[in-house]
Structure formats: structure tokens, C-alpha cells
Amino acid sequence: MKKKVLVIGAGIAGISAALELAKCDFYVYLLEKNASIGGWVSSFTCKAHDKCTKCSVCVAKRKIREVLVHPDISILTNSTLKQCHGEIGHFDVEIEQNPMHTDQELQEQKLAVHAIIPAIGFELFDVKQYGRLGYGRYRGVLTGFDLEKTMLENGNLHFPVNNTHAPSIAFIQCAGSRNDNNNYCSRVCCKYAMRFALLIKHLNPAVSVTIFFIDIQNAGKGFAPVYEECVGSIQFIRGIPVEVIENPGKRLEVRYENIAQGNVKRDVFDFIILSAGIVPRPGTWDLARKLGINLDEYGFFGTTGTFNSNDTNVKGIFTAGSCQGPKDIPDTIAHGIAAAERIVEVFAK
Ligand SMILES: Cc1cc2nc3c(=O)[nH]c(=O)nc-3n(C[C@H](O)[C@H](O)[C@H](O)COP(=O)(O)OP(=O)(O)OC[C@H]3O[C@@H](n4cnc5c(N)ncnc54)[C@H](O)[C@@H]3O)c2cc1C
Ligand code: SF4
Ligand code: SF4
């Protein structure tokens, strides 16, 4: 009989782990709290302009389609873990499935599994906490995720051309990352901001785009040409905007410290895009408590492996994806596959 694994969270990490396990002759229960699978990536679109910018969204979407029809992966949507007891090879878990319709009752089911992969992903930093940046107050202040949603819903990103001037857009990086509270890099936001900057320029040739940054994270296979293209067409300012204020003409005035010049400056834009940081999901602590696993200093799932970042303090529980720390799609897929490989390795012994 096939060994069984419970994967908690059907984002791209959980999906990658599930597909790898099924390939290695395991049976997988893939648990998802929402009605549909895919996590954040299901709200993303292709960010190619006239060239592919290697965002990996199409790779992720192929995996989502693949998992939906896999005979050895049972997808349980609207479902969460209620309880978990046992040890490696013999975990007894209780699942709660919310009703699809209001006239149905909450369903519970018990499963016996050999191993567990928590893969519950991340939350975005709530940029409204930075009232000074104007999100939720000024219509022209958006987040990177708002751009993703607009692109998905409209298939386009058009910025209205004003009679008096060509529109100007500024990205503000590290909104909620690399500060005293969240003292780490979110790793994905520089690259998606640069991809969006190129796409916006392509779709709106008259627009000028500026990126305010602390450090630009431009590493990653295939990204060098994208960065070079940005350097040629986008203004980069090493500086930290401290405040966004709407002026009487309804334009957005940004006050920032220009680190290169060592002075405080003001510039005016029509739209501001905040690159909100990646933080642990609010449910991370609760799931860690049910599974008995530790959290790290930032509140992501903690790991113990010397040579891998999947092993937790509980034998038989291996974490995958951005619930262990910020990751882009290629790193998330690799981490999900690595979690699956750890299980294959452990049960082969
Ligand atoms: C605005 C934005 C743009 C981005 N653009 C790119 C890009 O262009 N290229 C790129 O490589 N990366 C990009 N990323 C990063 C990308 O989103 C992540 O790499 C990816 O989503 C991580 O997948 P994951 O499976 O770890 O987490 P998630 O996508 O968060 O998936 C986790 C899943 O677990 C489910 N879940 C949560 N809690 C529970 C629970 N208790 N029980 C059951 N299920 C649960 C969730 O509903 C979700 O479906 C971007 C990120 C942002 C914020
Ligand atoms: S990697 Fe991204 S930009 Fe390239 S084709 Fe796929 S979805 Fe489009
Ligand atoms: S990826 Fe860029 S924007 Fe995001 S936290 Fe790191 S340095 Fe800041």
C-alpha cells in the first residue's frame, strides 16, 4: 500500500511537494483552507512586455493544472487541520471542512498519514500601518499586489494621460521590510517591481517610472538582462521616502532622503506603488502549536536541518515554501520538492 502524506496549504509550495511525492509513489492529501488552490500565484499574470521577464508565473500555473487532475492527490478545499497526534509513520489527523453552502454542516474527517508538510505561505505586510505613505487615503497610492489584481482582471495596466503632463509613477521598495520590526529582506519585491516598471513603460510609453530603494535585489537566473533593461529606462533613486502627501492639484508629493546626495528632497508623482513586505500568516502560530513545531525569530516556521531548510523539530514534519521565509516562485518550487525528497529519503531508510 502507498504511504500517505498530508500537505497543508495548496499554494505553489504545497502543490510542488504533492506532485513530487505522487511521482515517488506516495498518496497525498492536499489541504487548502480556501475554496480554490494556487495561493497568491493564482492572482498573478504573465509580466512579459515584448520579451519574457522570467517571472515564472506560467511555470507555477502549469503545476496548478497538473495537480488538479492527478489521481494520487486528493485535494480537500475549504479545509483546515483541527488536531494532530502521533509520530513519524503514524500521525492521526482530524480535518475540518467548511460547508460549500449555508444549509450544509461542518464536516469532520479523520485521516492516518505517515508524514506532514505544512506549506501555508505568507501574508503581506499591512501598509496601512504606515499612514504616512498614504495607502487607503489617496486613490493614487497602490501596492504591487493591486497591480497584479488589476492586470489579471483587466488584462492591462493603463495609466491615464493628463493634458498638462505625462504621468509619473514611483515604486517605494521595502514597505514593511528591513526595518526594526521586520529586519529581513522579503526577496521578491525588487524583482516584481522592476518587471512591472518595464511592463508599465511598454504599455504606456509616455509614462516615467522611478524606483526608490535601499538595496536592489537583482540576483537570480535569467534576471540580468531584465535588470540591464531597467537601468536604461527607469530612474533608480537610493533613498527612503518618509512621507507621501496629496497636493492641492491632487498629485502625490514624496519627501525622501536621497542617500547618494545626502539631502532631503521632494518630487511629485501621479501614482505611488508600495512594495509591501512578506510576513508570516496570522495562522502560522496556531498551526505550529497543533503540530508541535517551533517558530523562528520572525514568526516563520523554524527549521533544524544542517544541510536543508525543511526539517522541523518534529520528526516526520517537513516545512515547505514561504511559510519558512520569503521565497520567489523558483525557490518555492525547489523548497517544496526538497521537502518531498526528505520524506522519500526518510522512508527509504
Ligand atoms: C505582489 C507579489 C508579486 C509577486 N510576483 C512574483 C513573481 O513575479 N515571480 C516570482 O517568482 N514570485 C513572485 N512573488 C512571490 C510568490 O507569491 C511566492 O513565491 C509564492 O506565492 C509562494 O508560494 P507558497 O506556496 O509558499 O505560499 P502561498 O502562495 O501563500 O500559498 C499558501 C497556501 O496555503 C493556504 N493556507 C494558508 N493557511 C492555511 C491553513 N491553516 N490550512 C490550509 N491551507 C492554508 C493558502 O490559502 C494558500 O493557498 C510575488 C509576491 C507578491 C506578494
Ligand atoms: S515566465 Fe512570466 S513573463 Fe515569461 S512567459 Fe512565463 S508568465 Fe510570461
Ligand atoms: S526584495 Fe527589495 S524591496 Fe523587497 S525587502 Fe528586499 S530589498 Fe526591499
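Predicted model: local features only at pLDDT ≥ 70, side-chain atom pairs only at ≥ 80, totals over all residues.
Close-up 1. A polar backbone atom of Lys327 is 2.7 Å from an oxygen atom of the ligand, and for a side-chain N or O atom of Glu32 the figure is 2.6 Å. Each is a polar contact, that is, a pair of N or O atoms within 3.5 Å. Of the accessible area that ligand 1 has on its own, 1000 Å², the protein covers 96% (Shrake-Rupley method, 1.4 Å probe).

**Close-up 2. The shell around ligand 1.** There are 37 residues around this ligand, and Glu32, Cys55, Ser322, Lys327 and Ile329 come nearest (a residue is near if one of its heavy atoms lies within 4 Å). By class, the shell has 18 nonpolar, 11 polar and eight charged residues (Ala, Val, Leu, Ile, Met, Phe, Trp, Tyr, Cys and Pro are nonpolar, Asp, Glu, Lys and Arg charged, and the others, Gly among them, polar). Domain 1 (4-121 + 281-348) and domain 2 (125-278) each give at least three residues to the shell, with bounds from an automatic or database domain assignment.

**Close-up 3. The shell around ligand 2.** Here the residues are Cys46, Lys47, Ala48, Cys52, Thr53, Lys54, Cys55, Ser56 and Cys58. They split into five nonpolar, two polar and two charged.

**Close-up 4. The cavity.** Searching the whole structure turns up one cavity of 30 Å³ or more. The largest cavity has a volume of about 80 Å³ (on a 1 Å grid over the protein atoms alone, a cavity is a set of points where a 1.4 Å probe fits but cannot get out, and lining residues have an atom within 4 Å of a point; points join across faces, edges and corners, and the volume is the space filled by probe spheres set on them). Its lining includes Gln173, Cys174, Arg178, Cys189, Cys190 and Asp215. At least two lining residues come from each of β10 (168-175) and α4 (DSSP runs: helices H or I, at least four residues; strands E, at least two; numbered from the N terminus).

**Close-up 5. The second largest pocket.** This pocket holds about 340 Å³ of space (a pocket is an open set with protein on both sides within 12 Å along at least five of seven lines). It has 15 lining residues, with Gly140, Pro160, Lys250, Asp270 and Phe271 nearest its centre.

Residues are numbered from 1 along each chain as its sequence is written, chains are lettered from A and ligands numbered from 1 in the order written. Local features need pLDDT of at least 70 and side-chain atom pairs 80 or more, while totals for chains, interfaces and linings use all residues; side-chain values use heavy atoms, without hydrogens or water.

Note on methods. Polar contact = N/O pair within 3.5 Å; in protein donor to acceptor, adjacent residues only side chain to side chain.
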